[in-house]
Amino acid sequence: HSTEAERTLIGQMIEGGADLVSQVAAMVSPEDFHRDAHKHLVRLILSMLDKAEPIELVALAERVVALGMTDAVGGLSYVAALPDTVASLENWHHYARIVRGMKVRRDLQNAARTVAACAEDMSSTPREALDRSGSVVLSIDGEGQQAGGWIAASVATLGALDEVEARMQRDGAIEVSTGLRAVDEILAGLHRTDLVILAARP
């Protein structure tokens, strides 16, 4: 793991406010952080984002104290020093990729131990061992939040608002027509990243 990358990314979230936190939340989750103190801090920050509370150092410190989490986050002096590690907000992607990449490596290490245990378990058949090992490896999410999974409601809302605004700017124009006018009126046509499944019962 990289403690410095985690510290810097959290410091950037504190300094960058809600807009930056929303972007970071779309790429990493609290569980991607190695240190428990960092997981607690990121959860608090995301909670503040969901409640539309101002995200800055003083407000975060007040939340920590109010929730009795001072020791859990490493102390107020530790929290207060996090923004000091930030030289720029522009490179947050770099630190987010490091944090996410380290999580993937930890997951791979855990998977390797599970695979080894499956291979040594003589009570199961080779096929059962292979199936279990494969499922463990395939369960590792190498892309983080961007590949899917649960994200904060505030993050999803911001993305939806951006999409609505983009559609309004197109003045109702349809990107790709389905060929069915009634369906186009409901879906506003087909859009990139959309997966549309049509099904019917006899």
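## How helix angles are named

Angles between axes under 35 degrees count as roughly parallel, over 145 as roughly antiparallel, 65 to 115 as roughly perpendicular and the rest as oblique. Each axis is a line fitted to C-alpha atoms, for helices over the stretch in contact, and angles run from 0 to 180 degrees between N-to-C directions.

## The model at a glance

This is a predicted model, in which local features need pLDDT of at least 70 and side-chain atom pairs count only at pLDDT 80 or more, while totals for chains, interfaces and linings use all residues. Residues are numbered from 1 along each chain as its sequence is written, and side-chain values use heavy atoms, leaving out hydrogens and water.

The protein chain has 8 helices and 0 strands (DSSP runs numbered from the N terminus: H or I of at least four residues for helices, E of at least two for strands). Of its 202 residues, 33% are buried, meaning under 20% relative accessible area with a 1.4 Å probe, protein chains only.

## Helices α1 and α2

Let's start with α1 (residues 3-25) and α2 (residues 36-50), whose axes come within 10 Å and cross at roughly 5°. The two helices are therefore roughly parallel to each other. Contacts (heavy atoms within 4.5 Å) join residues including Ile-10, Met-13 and Ile-14 of α1 with residues including Val-42, Ile-45 and Leu-46 of α2.

## Helices α5 and α6

The axes of α5 (residues 92-120) and α6 (residues 126-138) come within 9 Å and cross at roughly 175°. That crossing makes α5 roughly antiparallel to α6. In α5, Ala-111, Thr-114, Val-115 and Cys-118 take part in the contact, meeting Ala-129, Arg-132, Ser-133, Val-136 and Val-137 of α6.

Technical notes. Buried means under 20% relative accessible area, exposed over 50%, partly exposed in between (1.4 Å probe, protein chains only).
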